[in-house]
Amino acid sequence: MHELVIVEGILDAVIPEVKKYDVEKILSIRLKIGELSGVVPSCIEEYFGVAARGTIAEGAKIIIEKTPIEIECRDCGFKGRITKGTYRCPKCQSAGFRIVSGKEYYVDSVEAE
Ligand SMILES: [Zn+2]
């Protein structure tokens, strides 16, 4: 049910924001979901249909873009993407890195009319 909470949070953030612009209907919501966020895109789509019912977002399309995992290595200074499952710096093989991107999820853009 984690995803339902996320979807409700997204709608709570998006709906008041777009209402400021005198829109009648949200057409689509583009989300960026980090590969390490633990958010399951198919669950988001499923819960969205439920959570958006009766709101101006009802029937809106959910577009999900996955964002890659990016790290910053403390040992060699490497900055860039790594593949999920390989938790080593691709340059020096160190495990001493910081994840700079990939854990978060957010609304990238909203299309409304
Ligand atoms: Zn490194």
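Two strands pair if DSSP finds at least two bridges between them, and helices (H or I, at least four residues) and strands (E, at least two) are DSSP runs, numbered from the N terminus. This is a predicted model, in which local features need pLDDT of at least 70, side-chain atom pairs count only at pLDDT 80 or more, and totals for chains, interfaces and linings use all residues. Residues are numbered from 1 along each chain as its sequence is written, and side-chain values use heavy atoms, with hydrogens and water left out.

**View A. Strand β3 pairs with β5.** Let us start with β3 (residues 69–73), which is antiparallel to β5 and joined to it over four bridges. Look for E72: its bridge partner in β5 is R98.

**View B. Three strands make an open sheet.** Their order is β4-β3-β5, with antiparallel pairing. At the edges lie β4 (79–82) and β5 (97–101), each pairing on one side only. On average, neighbouring strands of this sheet are turned by 40° against each other, direction ignored.

**View C. Helix α1 crosses helix α2.** The axes of α1 (residues 2–19) and α2 (residues 41–51) come within 9 Å and cross at roughly 55°. Axes here are lines fitted to C-alpha atoms, for helices over the stretch in contact, and angles run from 0 to 180 degrees between N-to-C directions. The two helices, α1 and α2, are therefore oblique to each other; angles under 35 degrees count as roughly parallel, over 145 as roughly antiparallel, 65 to 115 as roughly perpendicular and the rest as oblique.

**View D. Side by side, α1 and α2 meet.** From α1 come E3, L4, I6, V7, E8 and L11, and from α2 come C43, I44, Y47, F48 and A51; contact means heavy atoms within 4.5 Å.
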